[in-house]
Amino acid sequence: MASKTAVTIKAAGSGAGNAPSKAGAPGDSYAPLDSAHFREAMSRIVTAVHILTTDGPAGRLGATVSAVCSVSDDPPSILVCVNRASRVHAAILKNRVYCVNTLQPNHQALSDAFAGRGNLDMDARFAMADWTSLATGCPGLKDASLSIDCEVFSITEMGTHSVIIGTVADVRMSDEDRSLVYIRRGYHSVSK
Ligand SMILES: Cc1cc2nc3c(=O)[nH]c(=O)nc-3n(C[C@H](O)[C@H](O)[C@H](O)COP(=O)(O)O)c2cc1C
């Protein structure tokens with residue numbers, strides 16, 4: 001049976017703005033959704049905040065990311081969605097390894113720096129914290145809640161981003177019970 005993978009998103013009270021259009025080519029079944037409206041909708045999803053790192057022939061780089069998800073425990077694997085225009089994306093493709101470092105509430109300045117705020121160069125960003133080399137050689141943030149060190153398994157392009165699935169080579173966890181979360185473009189702290 002043929003399956004259809006269209007997603008409709010409607011803002012409350014927005015009227016018929018996203019009403020289905022006439023059937024056409026795949027992905028053409030609905031009126032175009034304004035990307036700013038979509039980003040606003042996505043900002044309502046509470047997420048953990050992570051520093052994505054990589055090291056290898058392309059050098060040591062990092063970026064702040066929230067689009068991270070567990071994929072399977074057999075084999076242990078996670079995915080991360082990375083903008084293809086970012087420097088860390090090019091580096092991961094060459095290094096073939098990455099590490100997801102989940103942040104604690106005291107890491108807001110680090111998150112901002114690795115998101116490009118303040119325009120620090122990469123060495124200055126890494127100099128803001130202590131790092132250790134994990135199994136793949138990726139930088140693990142020493143006081144992260146969690147570091148998941150991965151080898152690249154697959155890369156799927158979707159629009160501006162790549163969905164990068166990695167198989168897990170190393171995991172480090174701390175006993176810290178507070179996490180940094182991001183919702184509606186602001187940081188918050190949650191405790192278990
Ligand atoms: C809280 C937060 C979450 C982010 N999540 C992602 C993400 O999941 N994927 C992504 O590609 N960029 C994400 N970004 C944006 C990147 O951090 C930023 O574009 C990147 O560091 C810039 O890369 P550049 O140094 O190559 O310019 C996020 C930024 C913030 C502040």
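**View 1. An open sheet of 3 strands, in the order S1-S11-S12, pairs in the antiparallel sense.** This is a predicted model, where local features need pLDDT of at least 70, side-chain atom pairs count only at pLDDT 80 or more, and totals for chains, interfaces and linings use all residues. Residues are numbered from 1 along each chain, as its sequence is written. Strands (E, at least two residues) and helices (H or I, at least four) are DSSP runs, numbered from the N terminus. Two strands pair if DSSP finds at least two bridges between them. Strands of a sheet pair through backbone hydrogen bonds, either parallel or antiparallel. The edge strands here are S1 (47-48) and S12 (186-191); each pairs on one side only. S1 is joined to S11 (residues 178-183) by 2 bridges. Alanine 48 stands opposite valine 181 in S11.

**View 2. Arginine 184 sits in the loop between S11 and S12.** Its phi is positive, about 50 degrees, although arginine 184 is not a glycine. Arginine 184 counts as exposed because 10 other C-beta atoms lie within 10 Å. The cut-offs are these: a residue is buried with 20 or more other C-beta atoms within 10 Å of its own, exposed with 12 or fewer, and partly exposed in between, with C-beta atoms placed from the backbone.

**View 3. Strand S10 (161-173) pairs with S9 and with S5.** S9 and S10 run antiparallel over 12 bridges. Cysteine 150 has valine 168 in S10 as its bridge partner. The hairpin of S9 and S10 has 2 residues between the strands, and glycine 159 there takes a positive phi near 60 degrees. S5 and S10 are also antiparallel, over 7 bridges. Valine 82 has serine 162 in S10 as its bridge partner.

**View 4. The largest nonpolar core holds 32 residues.** Such a core is a set of buried Ala, Val, Leu, Ile, Met, Phe, Trp, Tyr and Cys residues joined through C-beta atoms within 7 Å. Leu52, Val80, Val82, Val88, Tyr98 and Cys99 touch the most other members. Elements that give two or more residues include strand S2 (50-54), helix H2 (87-95) and strand S9 (146-158). Strand S6 gives the most, with 4 residues. Leaving aside neighbours within four places in sequence, valine 88 is in contact with Leu52, Thr54, Leu61, Gly62, Ala63 and Val82. Contact requires C-beta atoms, placed from the backbone, within 7 Å.

**View 5. The ligand is surrounded by 15 residues.** The closest are Ala63, Val65, Ala67, Asn83 and Arg87. A residue is near a molecule or strand if its C-beta atom, placed from the backbone, lies within 6 Å of it. Strands S3 (61-65) and S5 (76-83) each give two or more residues to this shell. By class, the shell has 9 nonpolar, 5 polar and 1 charged residues. Ala, Val, Leu, Ile, Met, Phe, Trp, Tyr, Cys and Pro count as nonpolar; Asp, Glu, Lys and Arg as charged; the others, Gly among them, as polar.

**View 6. A cis peptide bond joins aspartate 74 and proline 75.** Omega is about 5 degrees. Proline 75 is found in the loop between strand S4 (68-73) and S5.

**View 7. Residues 1-23 have pLDDT below 50.** pLDDT is the predictor's confidence in each residue, from 0 to 100. The mean pLDDT of the protein chain is 88, and 85% of its residues reach 70 or more. Where pLDDT is low, the predicted coordinates should not be read in detail.

Definitions and conventions. Contact = placed C-beta atoms within 7 Å.
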